[in-house]
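Okay, thanks for coming, everyone. Let me put the chain up on the screen and then walk you through it.

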Amino acid sequence: MILKGGSTILGLADYIPEQRVSTEETMSRFSHRYGISDDYLKRTTGIFEKRRSLAGQMPSDLAVNASRTALAKARLHPKDIHAIIYCGLIRDFEEPATSHIVQDKLGAKNAMCFDVTNACHGFANGIFVADTLVSAHQNIKSVLVITGEQGSRFEDQAVDLLLNEQPEKRLLRTLTAGLTLGDAGGAIIIGRKKGDTGFTGYNVASFGQFHSLCVAGSPLEQGALKTRMASLMSEAAPRVASMYREFLTKRALLCSGVTAAS
């Protein structure tokens, strides 16, 4: 469905850890078992290097570092934030919500806190939820949407399996996506739109029938990220293109104040 936006960006920032790990360095740990060169992943994905968190850094630390920069850009104090939404796939703990930990580290005492998780789409979903909050509630004027991703955890799990399981090309293909992930923090502060500046609208949809194409662990099996990448891309690409064209077609209706749904 297509929904009108009611918010704008007040501040935006990222946090990139200093530690660098080359793709070839990662591949050299197991490439000999699969008869491939150390530059295989670099050639096939275009990824030369990734960033890795320092020892002891938690997802909340990455999110907090990005948040402080976003607050400075928005010229806001942590106490000006009315809601914090943490959207990362990786969290500090199962309990409590990582947003509460970020609230404490920032000193954002006036913010209500909750986590939104939806794999790679979590941050986009968080922005949509933040837009809904500031549009619907007069007392909510600024929402901090954050993430602190540590994809290096999936990389380590993938390498462990590639070193210890039977070396099959099918296993390598399934785990390749997990070898491309790095670490970073991100933060965006959402506020109420003033005039025409801000988000025009959102085209939101879910296709749950493809849930099995990318899976990471379960209550019975905590483990590496396993992705059927070829199938995932062949299903996702045409749908994304269709949704984009649909949004552009109906954008004029959104700008004129008419809500369009499909």
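So, before I point at anything: when I say helix or strand, I'm going by DSSP runs, with helices being H or I over at least four residues, strands being E over at least two, and both numbered from the N terminus. With that in hand, look at G198, which sits in the loop between β8 (183-192) and β9 (201-203).

Quick housekeeping. This is a predicted model, so local features need pLDDT of at least 70 and side-chain atom pairs count only at pLDDT 80 or more, while totals for chains, interfaces and linings use all residues. Residues are numbered from 1 along each chain as its sequence is written, and side-chain values use heavy atoms, with hydrogens and water left out.

Back to G198. For the cut-offs, buried is under 20% relative accessible area, exposed is over 50%, and partly exposed is in between, using a 1.4 Å probe and protein chains only. What does G198 touch, if we skip residues up to four places away in sequence? That would be S7, T8 and K193, where contact means heavy atoms within 4.5 Å.

Okay, zooming out. The chain has nine helices and eleven strands. For 262 residues, a compact globule would have a radius of gyration near 18 Å, and the chain comes in at 20 Å, which agrees. That radius is taken over C-alpha atoms, and the globule rule is 2.2 Å times the number of residues to the power 0.38. If you want a box, the C-alpha atoms fill one of roughly 60 × 45 × 35 Å along the principal axes.

Of the 262 residues, 39% are buried. Take the contacts between residues at least 6 apart in sequence: 79% of those join residues at least 24 apart. The accessible surface is about 14,200 Å², and 54% of that belongs to carbon and sulfur atoms; that's Shrake-Rupley with a 1.4 Å probe, and for residues only the protein chains shown count as cover.

Now, charges. Side chains of opposite charge can pair when their charged atoms come close. We've got 30 positive and 26 negative side chains, with the centres of the two sets 7 Å apart. Lys and Arg count as positive, Asp and Glu as negative, and His and the chain ends aren't counted. The place of each charge is NZ of Lys, CZ of Arg, CG of Asp or CD of Glu.

How many salt bridges does the structure hold? Nine, taking a salt bridge as a side-chain nitrogen of Lys or Arg within 4 Å of a carboxyl oxygen of Asp or Glu. One of them pairs E155 with R52, closest N and O atoms 2.7 Å apart. E155 is in helix α7 (residues 152-164) and R52 in strand β4 (residues 49-52), so this pair ties together parts 103 residues apart in sequence. Both E155 and R52 are buried. They also belong to a network of salt bridges that links K50, R52, E155 and D156.

Next pair: D61 and K105, also a salt bridge, 2.7 Å from N to O. Here D61 in helix α4 (residues 59-74) and K105 in helix α5 (residues 98-106) are 44 residues apart, so to speak distant parts of the chain that the pair links. D61 is partly exposed at 22%, and K105 is partly exposed too, at 32%.

Setting aside neighbours within four places, Q103 is in contact with I84, A108, K109, A111 and C113.

Last stop, the backbone. A cis peptide bond joins E95 and P96, with omega about 10°, and P96 is in the loop between β5 (83-86) and α5. R75, in the loop between α4 and β5, isn't a glycine but has a positive phi near 55°; R75 is exposed, at 78%. A119 isn't a glycine either, and its phi is positive at about 50°. You'll find A119 in the loop between β6 (112-115) and α6 (122-136), partly exposed at 43%.
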